[in-house]
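Here's a quick walk through a protein fold, from the overall layout down to who packs against whom. Have the structure open and follow along.

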Amino acid sequence: MARYTEAKCKLCRREGEKLFLKGDRCYTDKCAYEKRPYPPGHSGRMRHKMSDYAIQLREKQKVRRMYGVLEGQFREYYHRADGMKGVTGHNLLFLLERRLDNVIYRLGFANSRDQARQLVRHGIFKLNGRRVNIPSMQVKAEDVIEVREEARKIPVINEAQEVIARRGCPEWLESDGANFKGTVKAMPSRDDIQFPINEQLIVELYSK
């Protein structure tokens, strides 16, 4: 599978806001975006007037990079969202939020979505008592996610638990850090996604 291997902080600078791709580091003064809040490259500090298409594209790229999915995967999510009942933009965000790697990140078992994805692929977690290794799995209400017994001493998982108090856990999830367990209480709503996203711009981009 293709992977982005360059500096993740460049992505935040390119999109003009923090995407929290490096976990706890993003909350400190070591964050590259705090030091250089402008796009990378020689012309990064220059002001450029953006077309409507460019604005829509940047919004799509921002959301795609934040959730760590490839272009083809993102387009598939959009088509699925468009075929569902309700608002297409909201459905798209709900599908992304319900990814297993995102839920593990939200529960505080990983410092970033990228780290959560790697942990899932290594079979660190169980979903409803069964070992899973597919980061893109869609969780549903009442699903129970837990760290396997033999993996509970992994340092990065314990470090992430210390960060969740500052980052917060969304209301649709319930984190039981003491028992290395989390529960999906309900499906996410639009209000649960606090990050500034204008999903309508993405819908307009794909509707052309």
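Predicted model: local features only at pLDDT ≥ 70, side-chain atom pairs only at ≥ 80, totals over all residues.

In what order do the elements run from the N terminus on? They go α-α-α-α-α-α-α-β-β-β-α-β-β-α, which makes up a total of nine helices and five strands. The protein has 208 residues, and 47% of them count as buried. Among contacts between residues at least 6 apart in sequence, 57% join residues at least 24 apart.

**The cores**

Let's start with the largest nonpolar core, which has 23 residues. The residues with the most contacts inside it are Ile104, Phe125, Ile145 and Val147. Four elements each supply at least two residues of this core: helices H6 and H7, plus strands S1 and S3. H6 gives the largest share, with five residues.

Leaving aside neighbours within four places in sequence, its contacts include Leu100, Val103, Ile104 and Leu107.

Another core lies apart from the largest one and has 19 residues, including Tyr67, Phe74, Tyr78 and Leu95.

**Helix H5, under cover**

Is H5 mostly covered or mostly open? It's mostly covered: nine of the ten residues in H5 (residues 88-97) are buried. The buried set takes in Thr88, Gly89 and Asn91, then Leu92 through to Glu97. Among the elements covering these buried residues are H3, H4, H6, H7 and H9.

**Where H3 meets H9**

The axes of H3 (residues 52-67) and H9 (residues 199-206) come within 8 Å and cross at roughly 115°. Angles of 65 to 115 degrees count as roughly perpendicular, and H3 and H9 are therefore roughly perpendicular to each other. Their crossing is left-handed. Here's who makes the contact:

| Helix | Residues in the contact |
|---|---|
| H3 (residues 52-67) | Tyr53, Ile55, Gln56, Leu57, Glu59, Lys60, Val63 |
| H9 (residues 199-206) | Leu201, Ile202, Glu204, Leu205, Tyr206 |

By type, the residues of this contact divide into eight nonpolar, one polar and three charged.

Key: Residues numbered from 1 in each chain as written. Heavy atoms only, no water. Axes fitted to C-alpha atoms, helices over the stretch in contact; angles between N-to-C directions. Parallel < 35°, antiparallel > 145°, perpendicular 65-115°, else oblique. Left-handed = near helix turned anticlockwise from the far one by under 90°. Contact = heavy atoms within 4.5 Å. Nonpolar A, V, L, I, M, F, W, Y, C, P; charged D, E, K, R; others polar. Core = buried A, V, L, I, M, F, W, Y, C linked by side-chain atoms within 4.5 Å. Buried < 20%, exposed > 50% of the residue type's maximum accessible area, 1.4 Å probe, protein only.
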